[in-house]
Amino acid sequence: MANTYLVKYAEIGIKGKNRYKFEDALVHRVIERTDRVDGRFRVQKEQGRILVEALTEHDEDELITGLSHVFGVSQICPVTEIADKDFTHICEALVEHIRGRLGNKPFTFKVFAKRSDKSYPIESPDICVQAGNYIINHMDNASVDVHHPDYKVFVEIRRAAYVYISGFPGAGGMPVGTAGKAMLLLSGGIDSPVAGYRIAKRGVKIEATYFHAPPYTSERAKQKVVDLAQIISEYTGPILLHVVNFTDIQMMIYEKCPHDELTIIMRRYMMQIAESIARQRECLALVTGESIAQVASQTMQSLAATDAVCGMPVFRPLIAMDKQEIIAESEKIGAYETSIQPYEDCCTIFVAKHPVTKPRLEQIEESEKALTEIMPPLVAEALNTCEDIWVSPR
């Protein structure tokens with residue numbers, strides 16, 4: 001078990017003069033994550049790296065798993081620190097570090113060096129050669145492969161020296177909160193949790209709106225959505241979930257509008273309500289889990305008819321993904337088994353047998369005239385009775 005961990009980032013490194021803002025945001029997210037791990041840690045920023053130092057006993061697997069869920073992190077590397085930077089000590093520590101991580105199994109390697117301390121007397125190419133020779137001379141199970149090594153071996157010379165091998169992959173992306181806030185339309189299906197994960201990976205802080213239709217949808221269906229929000233929050237941090245009672249609105253659409261247009265009109269009202277909540281919450285966009293042509297309401301004509309009612313941008317992170325790709329990502333983030341639980345939401349309860357696939361906007365707007373006087377108070381009531389639930393990671 002290591003006492004120090006080097007947290008690497010990738011995309012943040014190209015941010016120029018604003019780079020420090022993204023680094024500070026990432027440090028904040030890393031601190032939030034370490035606060036949920038049993039133990040005490042010190043997190044500090046140092047020359048293009050973030051160092052996490054364990055101050056007490058801790059579970060390394062728990063820490064690495066937690067850090068791997070922080071957007072902005074590209075790699076987590078347990079390291080050995082050599083305070084005096086004596087090169088013999090560095091090489092000795094490097095061999096011990098490799099043995100501690102890999103044991104006696106055969107492996108190939110290539111050495112990489114980074115000399116941030118330019119006053120250090122040995123230059124990077126020589127560090128690579130000398131450290132590589134030391135490993136070969138002291139480890140019978142090691143051999144060099146400069147093209148396809150099993151492990152990359154790193155020596156970094158900073159205020160202290162750090163040695164480590166290839167680390168554990170992070171989530172990538174950008175730190176949550178660095179790209180504004182958006183409102184996710186979250187259902188109990190497979191797609192929308194993945195959409196929330198993907199948009200958060202680009203640094204967007206998310207809240208979520210769920211449309212509940214009791215008694216046609218059960219409390220268990222609502223709990224399923226809360227569970228999905230909690231799974232996403234493992235990556236995004238706490239999520240404020242807005243639960244909207246959609247029953248009266250849905251029944252009125254069912255009574256007054258052509259049944260082949262039910263899904264489109266229902267979606268338009270969902271978007272209007274979600275946008276109203278989003279504006280109150282100072283969100284900059286809506287986010288949905290739609291993918292072109294996956295179902296009737298997701299043809300290009302249907303999406304255009306839905307968007308026509310929105311006054312803010314609608315982001316669709318899954319728009320060009322096929323279902324198997326979405327399922328694979330759902331499984332990766334741990335949402336799939338929850339998403340396929342058999343508790344239906346309001347989107348599936350009132351689906352028409354033969355929904356229109358190429359709606360004309362003018363026809364949809366004509367059909368909605370039957371709701372002109374009836375719907376405003378119902379929408380106002382839905383907004384006034386909206387239930388807010390804070391959902392936090394486990």
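By class, how many residues in the lining of the second largest pocket are nonpolar, polar and charged?

A: The model is predicted. Start with the lining itself. Seven of its residues are nonpolar, four are polar and five are charged. The lining of this second largest pocket counts 16 residues. Nearest the centre of the pocket lie Arg29, Glu32, Arg33, Thr236 and Gly237. The space in the second largest pocket is about 190 Å³. Two elements each give two or more residues to the lining: helix H1, residues 19-34, and helix H6, residues 219-236. Helix H6 supplies the largest share, with four residues.

Lys222 forms a salt bridge with Glu387, and their closest N and O atoms are 2.6 Å apart. Lys222 counts as buried because its relative accessibility is 12%, under the 20% cut-off. Glu387 is partly exposed, at 35% relative accessibility.

Pro215 is found in the loop between strand E11, residues 205-212, and H6. A cis peptide bond joins Pro214 and Pro215, with omega at about 5 degrees. Most peptide bonds are trans, and most residues other than glycine have a negative phi.

Lys85 is not a glycine, yet its phi is positive, at about 60 degrees. Lys85 sits in the loop between E4 and H3. Its relative accessibility is 15%, so Lys85 counts as buried. Glu282 also is not a glycine and has a positive phi of about 60 degrees. Glu282 lies in the loop between helix H8, residues 262-280, and strand E13, residues 285-287. At 66% relative accessibility, Glu282 counts as exposed.

Return to helix H1, the other element named for the lining. A network of salt bridges links Arg19, Glu23, Asp24 and Lys45. There is also a through-space relation to note for Val30. Val30 and Ser68 are 38 residues apart in sequence, and their C-alpha atoms are 9.9 Å apart in space. Ser68 lies in the loop between helix H2, residues 60-67, and strand E4, residues 75-82. Ser68 is buried, with a relative accessible area of 17%.

Side chains of opposite charge can pair when their charged atoms come close. Glu60 pairs with Arg101, and the closest N and O atoms are 2.8 Å apart. Glu60 lies in helix H2 and Arg101 in helix H3, residues 87-102, so the pair ties together parts that are 41 residues apart in sequence. Glu60 is buried, at 12% relative accessibility. Arg101 is partly exposed, with a relative accessible area of 28%.

Arg159 lies in the loop between strand E7, residues 151-157, and strand E8, residues 161-165. This pair links distant parts of the chain, 78 residues apart. Both ends are partly exposed: Glu81 at 35% relative accessibility, and Arg159 with a relative accessible area of 47%. The count for the model comes to 29 salt bridges.

One surface feature uses nonpolar side chains instead. Ile136, Val144 and Val146 make a nonpolar surface patch of about 230 Å². Ile136 is found in helix H4, residues 124-138. At 35% relative accessibility, Ile136 counts as partly exposed.

Last, the setting for all of this. The chain has 394 residues, and buried residues make up 53% of them. Its secondary structure comes to 14 helices and 15 strands. Along the principal axes, the C-alpha atoms fill a box of roughly 85 × 40 × 35 Å.

Key. Residues are numbered from 1 along each chain as its sequence is written. This is a predicted model: local features need pLDDT of at least 70, side-chain atom pairs count only at pLDDT 80 or more; totals for chains, interfaces and linings use all residues. Side-chain values use heavy atoms; hydrogens and water are left out. On a 1 Å grid over the protein atoms alone, a cavity is a set of points where a 1.4 Å probe fits but cannot get out, and a pocket is an open set with protein on both sides within 12 Å along at least five of seven lines; lining residues have an atom within 4 Å of a point. Grid points are joined across faces, edges and corners, and a volume is the space filled by probe spheres set on the points. Ala, Val, Leu, Ile, Met, Phe, Trp, Tyr, Cys and Pro count as nonpolar, Asp, Glu, Lys and Arg as charged, and the others, Gly among them, as polar. Patches are made of residues with over 30% relative accessible area and no salt bridge: like charges are joined within 9 Å, nonpolar side chains (Val, Leu, Ile, Met, Phe, Trp, Tyr) within 5 Å. Accessible areas come from the Shrake-Rupley method with a 1.4 Å probe; for residues, only the protein chains shown count as cover. A salt bridge is a side-chain nitrogen of Lys or Arg within 4 Å of a carboxyl oxygen of Asp or Glu. Buried means under 20% relative accessible area, exposed over 50%, partly exposed in between (1.4 Å probe, protein chains only).
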